[in-house]
Structure formats: structure tokens, C-alpha cells
Amino acid sequence: MGRPIVAGMSKTATFLRAVSALSIAAGGAWYLSVYSCSYPHEGGPGLPAGFQPLLPADPTLPGGRVRVRPPGFAVGSLEHAHEEYLDSLSENAPQRLRFALPSAAQVEVDIARARAEQRSGASEAGAEELQLFLSSPAGRVTRELLFFAWEGSAGFDPHVEIREREEREPIARFRVTSVGGWYPSDAPQLEEGRAYNFRVAWREGHSASRAFRIATAEEERLYELARRAIDRIPEPRYRSVLEVLLARADERFGTALELARRARTLHAEEALLAPLETLIEAELRQKSSGS
């Protein structure tokens, strides 16, 4: 009696094992089919972040090592984006372009310092000089992007005056609108690497002076390379923060303020943008033509 039962169970077990193996194979084929359709070019379930499935056409190196491809995933934090930027910089990038990522607390400390210096400088300036906040150009600037801008009322018939030094006669004087204007194409060309001052003058008075310097061709090249490194960051809001920090690190203060204000309207969720805008405004208000 026992032997036929054992034989019957053996056949049943063999049949079940065959069905099980067939099911696994069919399920695996189904999974691979769905996987390849759902994740044709990027990592899917079971793959760590930053890894991708190896495609048949992917080249390999001697020894069977897979050639590394750019990761197809979004940068997960501002800190990570900053690291990606630093890793992408060329070896000859100047140190100022390898800026550190400030914390929100550090930005608040810098705002307080800049405002304290601004109050100290304001006590020495006349009331008429404080009517305007000259925002651009300031620090290093591209010669082709010389737009003179300010906030506040400049009075009637405003002009911009350009000097090499405060005490000298203007090398250029041109009329602008009530909010600013471009450097005229028929005015004397400003030289690369040279520092200048500008102020806004009107019938009743004039503003304080603002210092700026025309960037050299090499400075422009290095800045553009750094900006392209930021362009590789996939997350737009992190790119915006890094662009502001890059412009500030390269002493392009007018550009930094413009970028910060634009970024705040596009990425209000990024907490560091608002204090950065406030900091750059405070630094611009605190800087004099001699700084």
C-alpha cells in the first residue's frame, strides 16, 4: 500500500515543481518586459539611486568593467548640487569661484554686519546722497552689459556721470530715464580691467558714487565656464541659488542682486533665496566707491 502512494506523491511533487518553475520563468519574463517599458533609460525598482540598467549597446572596459555614464537622477539637496558644481569645475578655476555654501544662520550674521557698516557710513554722508540706492553696475561687470540702475527718485532730468577717480572730470556723461539706462554706444569705450565710478546727477543734486570694474576677457571666460558647470545641475531651484552665489563670489554684485530677485519669484520654496537677496542688498548699500 505504501509504495503506490509514495510513487503517486513523487509524480505529483515533480509536476508541481515543473509548474512552479514555469510560473517563475513566465513571471520573470513579464517583470522584465514591464521593467524595460517603464524604465527604458533610467534606474528602476531594485537599483540604488544614480545607477542605471546596463543596455546591450553599452560599452565596457577591459576586464568587464562597465563604462560610467552620467547619472539619470535629480540632485536631492542643495548641498549635493553644490558638490556636483565643485566637481564639475575645471582645475584652473580661480579659488573665488569655488565658493562655500553658506548656512542660513551665517547669512543672517552677514546681513547684520553689512547693515551695521551701512549705518556707520550713512552718518558721514549727506541726506541728498542717500536718496538713491545705486544697484548696478557694482563690482565686476561685463562691458557689453553696462546698464546703470537705481532705486528711488533721481529728480528731474537725470544724467549718469562716469569717472576714473572721484576727483576727476567725467569721461562720459549721458542722459537716462527715471529708472536707468544703457551705456551709449557712441560714448568712450571703457577699458577691460580698469576701475571706474559712476553717479547719478540731476538739477538739484547728485547721488553717492558707486565703484565698478570692467571684467577682462579671461575673467569672462572663467566665469562662463563656472556658469556652465551650474547648468549641469538638473534641479532648477538649486541652479538658481548657485547662480546667485557664483555672481556674488565673483564680485558681480549687480548681477547677483538681479538673479536673486528673479529666483525668488520663480522658486519661493527655496528658503535660502530670500536672505541672500537681503544680504546682497545690504552689502550694496554699505559699499562705497572706495571699497
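## Ground rules

Residues are numbered from 1 along each chain as its sequence is written, and side-chain values use heavy atoms, with hydrogens and water left out. Because the model is predicted, local features need pLDDT of at least 70 and side-chain atom pairs count only at pLDDT 80 or more, while totals for chains, interfaces and linings use all residues.

## The chain as a whole

The chain has seven helices and nine strands. Both are DSSP runs, numbered from the N terminus: helices are H or I with at least four residues, strands are E with at least two.

The chain has 291 residues, and 34% of them count as buried. Buried means under 20% relative accessible area, exposed means over 50%, and partly exposed lies in between (1.4 Å probe, protein chains only). The accessible surface comes to about 17,300 Å². Carbon and sulfur atoms hold 55% of that surface. These areas come from the Shrake-Rupley method with a 1.4 Å probe; for residues, only the protein chains shown count as cover.

Now for contacts, meaning heavy atoms within 4.5 Å. Take the contacts with a separation of 6 or more: 59% of them join residues 24 or more positions apart.

## Aromatic rings

Rings of Phe, Tyr and Trp (its six-membered ring) pair if their centres lie within 6.5 Å; planes under 30 degrees apart count as stacked, over 60 as edge-to-face and the rest as tilted. The count comes to nine aromatic pairs.

The rule asks for NZ of Lys or CZ of Arg within 6 Å of the ring centre and within 35 degrees of the ring normal. R252 lies over the face of Y223, at 3.9 Å from the ring centre. R285 has its charged end over the ring of F133, 3.9 Å from the centre.

## Pocket and cavity

Both spaces are found on a 1 Å grid over the protein atoms alone. A cavity is a set of points where a 1.4 Å probe fits but cannot get out; a pocket is an open set with protein on both sides within 12 Å along at least five of seven lines. Lining residues have an atom within 4 Å of a point. Points are joined across faces, edges and corners, and a volume is the space filled by probe spheres set on the points.

The largest pocket holds about 700 Å³ of space. It has 27 lining residues, and S136, L145, G254, T255 and E258 are the closest to its centre. Helix α6 gives the most to this lining, with seven residues.

The structure holds one cavity of 30 Å³ or more. The largest cavity has a volume of about 30 Å³. Its lining includes E161, R163 and S209. Strand β7 supplies the largest share, three residues.

## Two loop residues

T142 lies in the loop between β2 (139-141) and β3. T142 is buried, with a relative accessible area of 14%. Leaving out residues up to four places away in sequence, T142 touches E220 and R252.

A271 sits in the loop between α6 and α7 (273-286). A271 is exposed, with a relative accessible area of 64%. The C-alpha atoms of A271 and A104 are separated by 8.2 Å, though these residues are 167 apart along the chain.
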